[in-house]
Amino acid sequence: MTDQTDLHAAEPAELIACPICDALYRVEEPAHGERAVCARCGHVLIAPRRRAGMSIIMLALATVILTCGAVFFPFLRISTAGFGNSATILDTALAFTDGPLLVLSLAVLALIVLVPVARAALTIYVLSPLVFDRPAWPGAIQAFRMSEALQPWSMAEIFAIGCAVALVKVADLATLEFGPAFWMFAVLTVVIVLQDRWLDRWLVWNTLDREVARAARTARA
Amino acid sequence: MSGEEALTARDAGLVACRRCTRVWPRGRERCGRCGARLVSRDPGSLSRVWAWWVAGLMAYVPANIYPMLITDTLVSRSEATIVGGAIELIQHDALGIAIIILIASVGIPIGKFVAVAYLALSVQNPARLNAHRRHHLLEVVEYIGRWSMIDVFVVAILSALVQLSVVARIDPGPAALAFALSVVFTMLAAQAFDPRLIWDRIEADAEADGPEGRSADEAGPTPRGEQA
Ligand SMILES: [Zn+2]
Ligand SMILES: [Zn+2]
């Protein structure tokens, strides 16, 4: 155990503070597959994974492809008494068309399509040069900050469950069946969860620190 | 200083960035790594929590008064509020679905209002639950908060899908917008909460809890290593 006088003497750059409880630690990077957990509140501080960067980029690419595909295919089909209809994501997002409900349309479109795709694109932009050990691309820090801020507003997985609930709700009114976009959203749910679990934020910030400085040096040279 | 009281960045005369966990000397205004604004303890945190909390509650009232779904079929037209829709389901012997809807649209939102208010009050007053429990409560509120949006999505899906000329059509009611706003406001209330405020009172709470509270957790100045 490091004693407290030691922490007082350390350079701030060698320290890490728990964002939940403010407990102060000296940075000791754990081995791959292990985690450094805050002893006071249990928050995971550092959790490096082998080749996590590449896996996360792949998952982000999958998110972009699945979401774009899901926009154009129908995700639910309905039929009753000879009438039928199928809905795509765009139909759903634009369901609230009159007056103040139009705001809701735009919000739904943002929550289930725009925000998840934007997060994936930002993630690819930030991580790609780091994975190949290149200097960070310009604006990488702002990009990663925005991606982190958008996290709670990415709701594709909630929408997937919403489809299932809708199916149950109109079961007595008409026959419903899932279209291809529903299964894309189901896969997307898993992809997004993995993407968030594998991302070691501390490692990204630390690498960005180094690579942004390097990019500035090469720009001067 | 008692055993479970870990050395914090504030104790060491430093200020921590909550976004990227970098530590800076006290007095610095912005994080040199990620650019976030630095505050040792956010003094405006609680007033923002309460502001979003009140806004969320104000949006939740019309969400329950106005209809959420307007259903037109060949024979009838019905306007269902959140609770009204659930009662209708019970009358149609769909008790299970009614319970799910009541939990998602009534139980969880009200639970969130109570939990956020309790957490905000607990920072100013001695709390019954220890810091660990309250931290879990905040995590649960932040996690579940997003899921309340499911009802808005269901309304959007049904309105887009059930447009079968004269046979049946479903349209959204004004409550959908109010409910969505209520969810967004309560999410912002939970995000505005500075969780470090919960842990700052750990010493006072340990005294209130008695001896069991004191030995409940042991924290040292090194993080625990753990197999993932
Ligand atoms: Zn902690
Ligand atoms: Zn920072």
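**View 1. The lining of the second largest pocket draws on chains A and B.** Helix α6 (156-169) of chain A joins β3 (69-73), β4 (77-80), α2 (82-91), α3 (95-124) and α5 (150-161) of chain B, each supplying at least two lining residues; helices (H or I, at least four residues) and strands (E, at least two) are DSSP runs numbered from the N terminus. The largest share, five residues, comes from α2(B). The volume is about 640 Å³, taken as the space filled by probe spheres set on grid points joined across faces, edges and corners. Of the 30 lining residues, A:K169, A:D172, B:T71, B:E88 and B:L89 are the closest to the pocket centre. A pocket here is an open set of points on a 1 Å grid over the protein atoms alone, where a 1.4 Å probe fits, with protein on both sides within 12 Å along at least five of seven lines; lining residues have an atom within 4 Å of a point.

A quick word on the model: it is predicted, local features need pLDDT of at least 70, side-chain atom pairs count only at pLDDT 80 or more, and totals for chains, interfaces and linings use all residues. Residues are numbered from 1 along each chain as its sequence is written, chains are lettered from A and ligands numbered from 1 in the order written, and side-chain values use heavy atoms, without hydrogens and water.

**View 2. Four cysteines of chain A hold the zinc ion (ligand 1).** The SG atoms of A:C18, A:C21, A:C38 and A:C41 lie 2.2 to 2.4 Å from the zinc ion; donors are N, O and S atoms within 2.8 Å of the metal (3.2 Å for Na, K and Ca). Their angles of 100 to 118 degrees make the site tetrahedral, a label for four donors with all angles between 85 and 135 degrees. The spacing in sequence is C-x2-C-x16-C-x2-C. Both A:C38 and A:C41 are buried, that is, under 20% relative accessible area (1.4 Å probe, protein chains only).

**View 3. Chain B supplies the donors of the zinc ion (ligand 2).** Here B:C17, B:C20, B:C31 and B:C34 place their SG atoms 2.2 to 2.3 Å away, in a tetrahedral site with angles of 101 to 117 degrees. Along the chain the donors follow C-x2-C-x10-C-x2-C. B:C31 is buried at 4% relative accessible area, and B:C34 at 2%.

**View 4. A:F159 sits in the largest nonpolar core.** Leaving aside neighbours within four places in sequence, A:F159 is in contact with residues including A:F75, A:F185, B:F153 and B:I157; contact means heavy atoms within 4.5 Å.

Conventions
Four donors count as tetrahedral if all angles lie between 85 and 135 degrees; four count as square planar and six as octahedral if opposite donors are over 155 degrees apart and all others between 65 and 115; anything else is irregular. Buried means under 20% relative accessible area, exposed over 50%, partly exposed in between (1.4 Å probe, protein chains only). A nonpolar core is a set of buried Ala, Val, Leu, Ile, Met, Phe, Trp, Tyr and Cys residues joined through side-chain atoms within 4.5 Å.
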